[in-house]
Structures are given as C-alpha cells and as structure tokens.
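Have the sequence and the coordinates open while you read.

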Amino acid sequence: MKLRHLFLLTGLLLIYYTNAFSRNVQYEKQEFVYKTVKGHAIKANIFLPVSQEKYPVLVYFHGGGFMFGNRDQGLDIPLKEKLLANGYAVVAADYRLAPETKLDEMLKDVSDVIKWIKLNGQQKYNIDTAKVAVAGGSSGGYLALSSGFGGDLMPDAIVAISTPTGFSTANIQMGDLDVLNRPGPYDIVKDSVVSYGNYDSRMELWRFLGKNWLALYEIFGFDPAKEPEKLERYTLASNVKPNFPPTLVIHAKNDRLVDLQQVNDFYTLLTEKQIKAELYLVENGHSSELIKQNPEVIDKIIEFLKRQMPEIEVR
C-alpha cells in the first residue's frame, strides 16, 4: 500500500496551551542527560509517581515542526498528571532541532533516549524497562511512530496524536537558497546543536522557511522533489514491519492541518500488516488543542496503555 498524500508542513505545528487546572498529583521531577553531541548535552525530564512500585513509563516527544519546542512546554499537563495518577512515570524528551540538525539525526535521538531508558531506567528510577511506551503530538507523533522502525530496543506501545503519516513529492516546490544569505530570521542559525527551542524566534524561523519553500529542504537536508528515493528512509509505509509495536492513532475529523484521509490510510496499512492498531477519532482540534477540547482522549490513552502494558489499575 502506498500513501499518496501530501506531506503538510503546516501539519507539523503543535499548538500549545496553558491549563491552570491541577489535580495536585504528588510526584518527583528529575532531569537527566541521555546523550551528548559535540559537547552539547541533550536532556529529558522525568516525572515519577510517589510509590515504591516499579513504574511503566511513557516517553513524550513535543511537536513544533521539527524546529521549535522543548521538553518543559511540550508536554500537556492534564495528560502528565493522569498518567502519574495511574502509576506511570513520564519522560518529556528534547531532541535536536532543524535546521541545525537534519531529520536522520533526530531519529537517532529518539532511538537513543528509548535505549537509555531501557538500559538505565530500572537502576536509576525504578522503571519497569519491559513496559516502555512512547507518544507525541504532531511532528512529535511522527517521531514516536519512527521509534517502531526497527532495532533491538523498540518501545512496547506507541501513541500518535494529530500526526502527519505520509511523505509525498506531490506539489513540492523548492525555494531559492540565496534567501538564507539575506538578513532575517535565518540569522539565528549557527554551526551548533540546538535541542531546546524557544517559541518566538524559532517559530519565526519555521514560518520564514515555510513561506520561502525551504522548510522541507532544511528538515531533510535534500530536495525531496529531486531525490524522491531518499524519502523512503522516512516514509512510514516503507518502514512498518510485522514487529511494529501496538499503536493508538488519535486524530480529529476536522483537523485543519493534517488531512484525515492520510491517517485513515495509515491505519489501514497497520491493520493489513496485522499490527495491533486502534484509531480514535474526535471532531476537532490538533495535538494539544485536541486534548484540551476532548479531554476524554486521555482516558483512551490510559486504557490503551493498560491493555498493552497490563497490571496497572485504571483510575
């Protein structure tokens, strides 16, 4: 089966919100470094329930078009608190951002943080390393899905929220690279690693590159219209194998950024390959906005994780 839908750059935008409601869940927060690249420490936050039991864990990847966002602001508070209340540890992980880092290296970050949890989580944080799930919204959802591409330390379950699931060369235009040499938002890009993106300047950069038809080039590191064969490395349809982890796909019927049809096609792909998959649809919202407008999806996530990583009591 081939996904034929346009990869929507704007579909990668994760809309963040602040929710003042708190359940007063008791937990411990720690920070750790899961890898260092060129002297740059790439970090994650871990939230631990107040319990002596061994914890299953969910690793969450923030959205932001692969160019902005960070571990502190990308994780939805209601989702985090409900997971903690149900005995799950939660990890909010940074990863290197474009254009300083290309998507191929971001996928390594995703794999490396899961590997770090699997190898170190029990000793350091009392994590049940046989119960490691991953999740993400928008572009972070794509990164979560990519963790199932293969390897010895894949997650045990995946949750993808408002996630673009198809890459295509249809209607792709390549902008003028000379634009990058002109004064403007691109001036913030240096020869260094960025893994904690603020919102104002990094989002301005993301919009600037999108407006000038250079965002995909800066994310991939090549022109997908001229070298479409290189897209296979990143296409879900080309990388989903029979051992792909059980997957919950959450999407809005009226998602204004990511077309529902490509999500339906991806779900069909999973079921045709006899992979455990669930598709949960709501009416409106994208990523954090979807969770805010449809808080019942949090219970759906908890129920899914309980089925895939049992022995946790749903509350």
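## Ground rules

Helices (H or I, at least four residues) and strands (E, at least two) are DSSP runs, numbered from the N terminus. This is a predicted model, where local features need pLDDT of at least 70 and side-chain atom pairs count only at pLDDT 80 or more, while totals for chains, interfaces and linings use all residues. Residues are numbered from 1 along each chain as its sequence is written, and side-chain values use heavy atoms, with hydrogens and water left out.

UniProt, in an unreviewed entry, lists residues 46–269 as "domain: BD-FAE-like"; its positions are given in the numbering used here, the feature name is shortened, and annotations may be inferred rather than shown by experiment.

The open sheet has 8 strands in the order S1-S2-S4-S3-S5-S6-S7-S8, and the pairing is mixed (two strands pair if DSSP finds at least two bridges between them). At the edges sit strand S1 (27–37) and strand S8 (277–282), each pairing on one side only. From one strand to the next, the twist averages 20°.

Strand S7 (residues 247–252) runs parallel to S8, with 6 bridges between them; Val 249 has Leu 279 in S8 as its bridge partner. Helix H7 (residues 260–272) lies across S7 and S8, at about 160° to S8. Axes here are lines fitted to C-alpha atoms, for helices over the stretch in contact, and angles run from 0 to 180 degrees between N-to-C directions.

How many residues of S3 are buried? The count is 7 of its 7, where buried means under 20% relative accessible area, exposed over 50%, and partly exposed in between (1.4 Å probe, protein chains only). Tyr 55, Val 57, Val 59 and Phe 61 point one way, while Pro 56, Leu 58 and Tyr 60 point the other.

S3 pairs in parallel with S5 over 6 bridges, and Phe 61 has Gly 136 in S5 as its bridge partner. With S4, S3 also pairs in the parallel sense, over 5 bridges, and there Val 57 stands opposite Ala 89.

## An enclosed helix

Helix H1 (residues 77–85) is largely enclosed by the rest of the structure, because 7 of its 9 residues are buried. Among them are Lys 80, Glu 81 and Lys 82. The buried residues of H1 pack against S1, strand S2 (40–49), S3, S4 and helix H9 (296–308), with contact meaning heavy atoms within 4.5 Å.

## Arg 96

Arg 96 is in the loop between strand S4 (89–93) and helix H2 (103–125). Arg 96 is buried, with a relative accessible area of 5%. Its side chain makes polar contacts with the side chains of Glu 105 (3.1 Å) and Asp 109 (2.9 Å). A polar contact is a pair of N or O atoms within 3.5 Å; within protein, one must be able to donate a hydrogen and the other to accept it, and residues adjacent in sequence count only if both atoms are side-chain atoms.

## Two cores

A nonpolar core is a set of buried Ala, Val, Leu, Ile, Met, Phe, Trp, Tyr and Cys residues joined through side-chain atoms within 4.5 Å. The largest one has 74 residues, of which Leu 103 and Tyr 142 touch the most other members. H2 supplies its largest share, 9 residues. Apart from this core lies another, of 29 residues, including Phe 47 and Val 297.
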